[in-house]
Amino acid sequence: MVGKPVVFGLPLEVLLEIFWYLHPLDLVYLTRVSKLFRSFLLHRRKAKSLWTGALKRIDRLPQCPSYLSEPAYANLLFWPFCHRCHSSCDVIQWELRVRCCNGCTSDMLVGREMLPSFVDQLNCVDVRQLIPMSVISSAGPCVRHTDNTYRKSLTVASHADVNKFNMQYKFVKGSPLSNDLIIYREKATEEIYKHVALCRIWEAEVADRRRKELVDQRKRDVVEKLECLGLGDELESLLSDASLSKEFDNLIVRQDQELTDSSCQVSLPRLQNFLEIRRARRLTVYLRDRFKILAVVVSEMIKTFKNDKTNTVFPHAIDICLLSEVRCMIDAPEVMSAEAFVNALTLRLPPLLLAWNRQATKQLADLVRAQLCSIDNDVDPLALAALVFRCSNCRLHVTYPSALTHPCLHAKTFDKPWVQLPMETTALGRTMSPVEIYEKAAIEAFEMHPWNCTVLEADGYTKRIHNLFQALGRDPNSTAVNDMESCPIRVTCKSCSGSRNRMILTYRTALIHLVRNHSDGKNDAVWGVVV
C-alpha cells in the first residue's frame, strides 16, 4: 500500500511558509492536487493572505476586483486551459471572465442576437451597459483580433452572465425594484469594463516583456551558433555598429519565437551569408591598401634587379602577393602598421622574387611533361630544342623563357567560377573562403589575374617539329637547345624554296618558319640538309 506523500505530514506553519513564496499558478495547481490542499487553499479566511500576497508579487498586475475571489482571479490569469473542457487556451475573454476554446463556444457564449427579448424592452441605451459583452472573431474566441485568420467580428456574452441577469429580472419584474436592478447592473458592468481596461494594459506589457525575452534569447542562440561557425569576430564587429546591428536584428532576431532546429536551418544560412559578405567587403578594403603598398615596393625592387642576368624574368606584383610567405604577412593576426609592412616586405622580397621564378619554372616544366608524355624523367623539358608553345588564347607561338612573361598568362581563366561572379551573388550561392576573398581582392586591386600557364600548349606543333628534327637526324624528345646551338647543320625548306633561290635556315629559324607557314599535314613541309 502506497503511503501518503511526506508533504502532507509537514506542520501547517511549514506549509504556509512554503506556500507564501509560490506563484499564483503554483497555488492553482495545488488546489487540484488533493482535497486537503483544495479545502485549505480555497478557504476564504485561512488562505486569503496567501493568494493576496502571491498576486501582489506579480509586477504591475491590477488589483483583484470585487466581483472575483483571489483564487478565481488567479485561475483566470494563469491557468492556460479552457474553463469547460480543459483544453489548451491562451486567450482570455476579459469582459466575460472566462477562457473558452473554439469547441466550447456554443456552450459558454451567447451572441447578441440570441439574448432574451426583454433585454431590448428595458429602459437602457445599450445592452452592453447591463451585461458585460466581448468581441470575438467568427473563427472562434481563441483567435486574436491581430491574427491573420481573424475574420468577422461577433459580439457575445457569457451564458453565466445572461442566466444570472435573467433570474434577477424575473425576480423584480413588474415591481419598483426593476429600476434599481438596472442601476445596479450598470454600476457592476461599468466596474468590469474599467478593470478590463487595466487588465488589457497589463496583458500587453507582459506580452511585450515576453517578446523581448524571446528576442534576446533568440539573439543569444544565434550568436552562439554563428560563433561555432567561426564568425564570432565579425559578429562582434557588426554588433558594435548601431546601424549594422539593426540590420542584423531585421534579418533574424526580431522574430519573437524560440530558435528551433527547423527555423535555424532556414534563418542561419541567410545570416551567415550576410556576415560573409560583410567580412569579404571589409577584408577587401584592408587588402587593397596593403596591395597598393606591395605594388610600390615590388616595382622599386625590380628596378634594382634589372641588371641581374641570372634572374631575367620578373613577376608581377599580383604574383608576389599570392606567395604563401607574403600572404602570411598580410593575413597576420596582429595587424602590422604600414611602415612595418614595408620594412618586412623589403627585407624578404629578393628571395621571394627568386622563389617565384623557381615556382613558375617548375609549373611550366610540369605542364610540358604532362602534355608530352614521351619525355624521359632525366631530361629537362624546358631545355628541349624542339619545345615551342602555342597560346590557346591568342594562338601565337612562344618559346622558353619568354613563355614565362607571355601576356595571356595573366588573362582571365574560367576554371574558377567564383572569379566571374559578383561578391554578393557568390556569397548567397556559396560561402567564399578567405583564400578566395584574398585572391579576388588582388585581382581587383592589380586589375589582372594571377599567373597561370595552363593557357600554353606544348604539343601544338608536335608533328611539324618532329618532321624537322627527323631531317636533322636528332631526337626531339632529348635534344637540348645548347646541343642545337652548337650544331653547324643548316636546312632548307624545299616546299618554300624556288628553283633559283632557296632558304638556308638554322634550326631556330627553321622552327619559326614552320610554325608560321606550315601545318601538321604529312607532306606540307619537306626539309633538306644543306651540305
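**Close-up views**

View 1. Glu447 is found in the loop between H17 and E6. Helices here are DSSP runs of H or I with at least four residues, and strands are runs of E with at least two, numbered from the N terminus. This is a predicted model, where local features need pLDDT of at least 70 and side-chain atom pairs count only at pLDDT 80 or more, while totals for chains, interfaces and linings use all residues. Residues are numbered from 1 along each chain as its sequence is written, and side-chain values use heavy atoms, leaving out hydrogens and water. The phi of Glu447 is near 55 degrees, a positive value in a residue other than glycine. Glu447 is exposed, at 74% relative accessible area. The cut-offs are under 20% for buried, over 50% for exposed and partly exposed in between, with a 1.4 Å probe and protein chains only. Arg395, in the loop between E4 and E5, has phi near 65 degrees, again positive in a residue other than glycine. Arg395 is partly exposed, at 45% relative accessibility.

**View 2. The largest nonpolar core.** This core has 52 residues, and Phe291, Leu294, Cys321, Leu364, Phe389 and Leu456 touch the most other members. At least two core residues come from each of helix H12 (261-304), helix H13 (317-321), helix H14 (324-330), helix H15 (338-371), strand E4 (389-391) and helix H17 (434-446). H15 gives the largest share, eleven residues. Leu456 touches residues including Leu364, Phe389, Val398 and His406, not counting residues up to four places away in sequence. A second, separate core of 30 residues includes Phe19, Leu27, Leu30 and Leu55. A nonpolar core is a set of buried Ala, Val, Leu, Ile, Met, Phe, Trp, Tyr and Cys residues joined through side-chain atoms within 4.5 Å. Contact means heavy atoms within 4.5 Å.

**View 3. A three-stranded sheet.** The sheet is open, with order E5-E4-E6 and antiparallel pairing. Strand E5 (397-398) and strand E6 (456-457) are its edges, each pairing on one side only. Strands pair if DSSP finds at least two bridges between them. E4 and E5 run antiparallel and are joined by two bridges. Phe389 has Val398 in E5 as its bridge partner.

**View 4. Aromatic pairs.** The whole structure holds eight aromatic pairs. Phe19 and Phe40 make a tilted pair, 6.3 Å centre to centre with 40 degrees between the planes. Phe19 lies in helix H1 (residues 12-20) and Phe40 in helix H3 (residues 35-41), so this pair ties together parts 21 residues apart in sequence. Phe19 is buried at 4% relative accessible area, and Phe40 is buried at 15%. Trp356 and Trp451 pair edge-to-face, at 5.9 Å centre to centre and 80 degrees between the planes. Trp356 is in helix H15 and Trp451 in the loop between H17 and E6, so the pair links parts 95 residues apart in sequence. Trp356 is buried at 5%, and Trp451 is buried at 9%. Rings of Phe, Tyr and Trp (its six-membered ring) pair if their centres lie within 6.5 Å; planes under 30 degrees apart are stacked, over 60 edge-to-face, the rest tilted. Phe19, Phe37 and Phe40 form one aromatic cluster.

**View 5. Arginines over tryptophan rings.** The charged end of Arg32 sits over the ring of Trp79, 3.9 Å from its centre. Arg57 lies over the face of Trp20, at 5.5 Å from the ring centre. The test asks for NZ of Lys or CZ of Arg within 6 Å of the ring centre and within 35 degrees of the ring normal.

**View 6. A cis peptide bond.** Tyr400 and Pro401 are joined by a cis peptide bond, with omega about 10 degrees. Pro401 is in the loop between E5 and helix H16 (423-429).
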